[in-house]
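Good morning, and thank you for joining this group meeting. I would like to take you through one structure, and I ask you to keep the display in view as I speak.

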Amino acid sequence: MNLLEDIIVLDFSQFLSAPSAGLRLADMGAQVIKIEKPGSGDICRQLYVSDVMVEGESTIFHAINRNKQSYAADLKDEEDLKKIKSLIAKADVMIHNFRPGVMNRLGLDFETVKAINPSIIYAEVSGYGNEGEWTGRPGQDLLLQSVSGLTWLSNNNNDQPTPMGVSVVDILAGAHIAQGILATLYQRAITGEGALVQVSMFESIIDFQFELLTCFYNDGNELPVRSKINNANAYIAAPYGIYKTKDNYLALAMADIVQLSGLIGCEELKKYTDKSDWFSKRDEIKKVLAVWLARETTDAWIAILEPADIWCARVMNYSELINEEGYQVLNMDILVKTSSGLQIKTTRCPIRVDEKILTSSIGAPLLGEHNQQIEKQFLIS
Amino acid sequence: MSHLPLRGLIVLEFCQYLSGPSAGLRLADMGARVIKIENRKDGDGCRQLPIKNLWVDDNSLLFHTINRNKESFAADLKDPADISLVKKLIEKADVITQNFRPGIMEKFGLGYEAVKEINPKIIYAEITGYGKKGPWKDKPGQDLLLQSMSGLVFTTGNAKDNPVPFGISIADIICGAHLVQGILAALIRRQKRGVGALIEVSLMESLIDFQFELLTTFFSSGIVPKRSAAHNGHPLLSAPYGIYATADGFIAIAMATIQRIGNCLQIPALKKFQQEDAFTRRDEIKNVLSENLVTKSSDHWLTKLRADGLWCARVMNWKEMQESEGYKVLQMKQTISNSEGKKITTNRCPIRINGKRLFGENPAPKLGEHNEKIIEELIFKSVV
C-alpha cells in the first residue's frame, strides 16, 4: 500500500512553493487535484525558462505538476464555488498560497472551510505571514533571499551579495508545509480532528539559516565574513572550498593543513601547525593552495588525497553527472507522459519506501482535464 | 486538536552532525519525544564541533542549536549489556533514525531486519551519502562534496566565476527535511494499517530532487544551465532577475517585462530591447540596468518599482533584517537555558499549527543525561 493511499488533496496553489508540496504528497500516494482558473490556470504554465517550452508550456510546470489532476473552476462564480465546496466536504487536505486575505474574499478561509469539513487539514503558504507591515509584499524567491541575509553567505568576500541559483526559499517552504500537513494528518488518523497549518517563506528561509543565525544572535551580532578567495562557507576554516586544477576543479572539505601539505608536496603550507590559524589565516592559506593545486589535474590530486581519507571530490556539471555510474545506479530519471502523448524526462521523488523507489509515469495535466472524472468520483454536478 | 501533533511518539536517533539530527529536531518540535542514542565516550561528534569557537558548556553552541528539545541515552553499541537495553527501547519506540555509513548498524545487530524482529511496526529511517549501491556508496557524505558532484555549484555566482557553492549545508538540511516527510507518511500508513516501514534517503538523491526544475529543463534542452555574465539570480531566468548595486546599497529585482521596467525606471536605453530578448540578451539588458541603478539610492528605485507593482526588495544583512518590522512580527527567536542556567538565543520551528507558533525551550541534553529516567520510564515500568 502506498503511504498516502486514499488521501485526497485539493491544491489551490500556483508556482513552486506549495505545488512542490503537492508533488511530494502525490508521489507518496495521495490523489492531488489542482484547482485552477479556467482559461489560464496555474500561472506557472506560462512561465517559460531559458526559452525552453514543452507543448507550449514551461518545462518547470511539467516538472512540478506531474502526477496531479486538474479541475478548472472559477472561484468567483457561484456555481463553481458550490462544486468546490462539495469537493472540500470530501477532501482530507487543502493547500493554497494566495496572498493573505484572498481566500477570505472568496469565502474559502479556514473558518468557513472548517464548518464544511471539520476534519480537514487546511494548509497555507504565505510570503511573510499574516500579520504586520510586510503581509502584502510579493512572496517571491529572490526577494526573500535578499531580505533574509542569505545573499551574504555565498561567493567571495569582495563579490556582490550573491543569491543561490535555485529557488531555495520556495522549495524549503514547500518541504515545511508538507511536514506540517503530514504531522497533522497523523494526528487526525488518531483523533479525527482537522487542523490549520501555516508556513511562510520568510520563516522557512530563517529556519534554513538556523545554525548560522544562532551564532549571530549569541556572538554580539557579528555579521558573516566570506573568505576572500575560494569561499564555500563563511564559518569554516581552510581548505574548505573549490579550487581550479590544471584541467578542471577540485572540492576540498575539512582537512588538516599540515597533513594536506605533506600529501600534495606543498612546503609553504607546512608552517601552519597552529590549528586556529586555519580559520584566522584562511585567506593566505587558500591563496597558496589555489596556486599549488593549479599545477596538476583533478584526477592526479584525487589519486593522492582519496587513499589518505582526505574528503575531496571532482566538480561536475549535469552532463558529467548523468554519465557517472554513481548517478545512474540511483535511478533518479523518470519518463512521464501527458494525456496528449508527450513524453518528458524528469526526476523522481527522492524518498525510498520498503526498498522501492517511488515512480509514476503520469505527466502534468491539461487545464481542466479531470473535471468530468472528478465530478463523477465525488458525485457532484 | 493539540498544536503538537506528534505527542506520544518515541523516536530513537542514532545520528550525528546535521542531516539526521535536523530531522530529529523537527519531530521534537512537533511534539515527539526524541532520544539521542550516543556512544558513551564522546557522543555525537557535533558536541565537540564548534563554529567560530562558540561553546555553551562542554558542548558547542552548534550542538545546542541542532539538539535542543531532545534527550540523551548513552550506550556502547559494542557492549552486549548496553545493546540489550537499547533493544528494550526499540520495543517501545515508534521511529528509529540513523545516518551511519552503510553497514555499520548491521554490525551492531541493529539493521532494519534485526530491528523489525524486535518491533515489526517500527518506522526505520536512514540517511546515506549516495545510496547503498554503486561506486560512490562508501564516499564521505559531506555537504560540499555533494554540492560539487551534483552540479549545484554551477547555478550560483556569475558566468566567469569558479563554481560557487551555497554557503550553507543545503544537502544535509534538505535531506533531513525529506527524511521527516518519509517518516510522517509512514506513520500515517501505520496508523491505518498497522505496518512498519523502511524509509531511505540519500544526500545525493535529495540534492538532485532539489534541482528538479533545472534538471528537467536540461533533459529537455540538452544544454547545461548557464549563469549570466553579471547579476546572476537563477541560471534559467531572463533579465532583469538579479541583484544590483545602487548608490547606497543593493536591490533585488525579480521577474518583470523589459518594457514595464524600462518605463517604470525611465531608462530609455532599455527601449531597444524586445521582450523576446529577455533571455537571449539578458547580459546586455542587465548591463544597462546596472549602469543606471548605481546612480541613485535604493530608496529612489524601490519607491518607483513598488508604485508600479513590480517585484523588488532591499538586500539586507542579518542586522538590518533583525531591525525590520517584517522580521520582528514573526517572533522567530526563542531563548533557551541550559541545565546550568546559561541562556542561548536560537530560532523556533518554522511551522505554525492551529495558529500557534511552536517553541521548544528544553535545552540540548548532556551526554547520557537521561539514561536513568529513560530506563525507569521505558524499561522498568513496562516490566512491572
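Let me begin with a definition: a residue is called buried if 20 or more other C-beta atoms lie within 10 Å of its own C-beta atom. With that term in hand, consider helix α7 of chain A, where 21 of the 24 residues are buried, so that the helix is mostly covered. Please bear in mind throughout that this is a predicted model.

I shall now describe chain A as a whole. Its secondary structure comprises 16 helices and 15 strands. Along the principal axes, the C-alpha atoms of chain A fill a box of roughly 80 × 50 × 45 Å. Chain A has 381 residues, and 55% of them count as buried. If we take the contacts in chain A between residues at least 6 apart in sequence, 67% of these join residues at least 24 apart.

Let us return to α7 of chain A. From its first C-alpha to its last, this helix of 24 residues reaches 34 Å, close to the 34 Å expected at 1.5 Å a residue. Just after the helix comes A:Gly192, which takes a positive phi of about 80°.

How does α7 of chain A pack with helix α1 of that chain? Helix α1 covers residues 17–27 and helix α7 covers residues 168–191; their axes lie 7 Å apart, at an angle of about 50°. The two helices are therefore oblique to each other. The crossing of α1 past α7 is right-handed. On the α1 side, the residues that meet α7 include A:Ser17, A:Ala21 and A:Leu25. On the α7 side, they include A:Asp170, A:Gly174, A:Ile177 and A:Ile181. By class, the contact of α1 with α7 in chain A has eight nonpolar, three polar and two charged residues.

We turn to chain B. Here the secondary structure amounts to 16 helices and 13 strands. The C-alpha trace of chain B spans about 85 × 50 × 45 Å along its principal axes. Of the 384 residues in chain B, 54% are buried. Among contacts in chain B between residues at least 6 apart in sequence, the share joining residues at least 24 apart is 68%.

Where do the two chains touch? In total, 117 residues of chain B are in contact with 117 residues of chain A. On the side of chain B that touches chain A, helix α7 of chain B, residues 170–193, gives the most, with 15 residues. That side of chain B divides into 67 nonpolar, 33 polar and 17 charged residues.

Within chain B, α7 also packs with helix α8, which covers residues 203–210; the axes come within 9 Å and cross at roughly 95°. These two helices are therefore roughly perpendicular to each other. Among the residues that make the contact are B:Ile174 and B:His178 of α7, together with B:Leu203 and B:Phe210 of α8. By class, this contact has six nonpolar, two polar and one charged residues.

Is B:Lys78 buried or exposed? B:Lys78 is exposed, because 10 other C-beta atoms lie within 10 Å. Its C-alpha atom is separated by 64 Å from that of B:Ile285, a residue 207 places away along the chain.

Definitions and conventions: Residues are numbered from 1 along each chain as its sequence is written. Chains are lettered from A and ligands numbered from 1 in the order in which they are written. This is a predicted model: local features need pLDDT of at least 70, side-chain atom pairs count only at pLDDT 80 or more; totals for chains, interfaces and linings use all residues. Helices (H or I, at least four residues) and strands (E, at least two) are DSSP runs, numbered from the N terminus. A residue is buried if 20 or more other C-beta atoms lie within 10 Å of its own, exposed if 12 or fewer, and partly exposed in between; C-beta atoms are placed from the backbone. Two residues are in contact if their C-beta atoms, placed from the backbone, lie within 7 Å. Axes are lines fitted to C-alpha atoms, for helices over the stretch in contact, and angles run from 0 to 180 degrees between N-to-C directions. Angles under 35 degrees count as roughly parallel, over 145 as roughly antiparallel, 65 to 115 as roughly perpendicular and the rest as oblique. A crossing is left-handed if the near helix is turned anticlockwise from the far one by less than a right angle, and right-handed if clockwise. Ala, Val, Leu, Ile, Met, Phe, Trp, Tyr, Cys and Pro count as nonpolar, Asp, Glu, Lys and Arg as charged, and the others, Gly among them, as polar. The expected span of a helix is 1.5 Å times one less than its number of residues.
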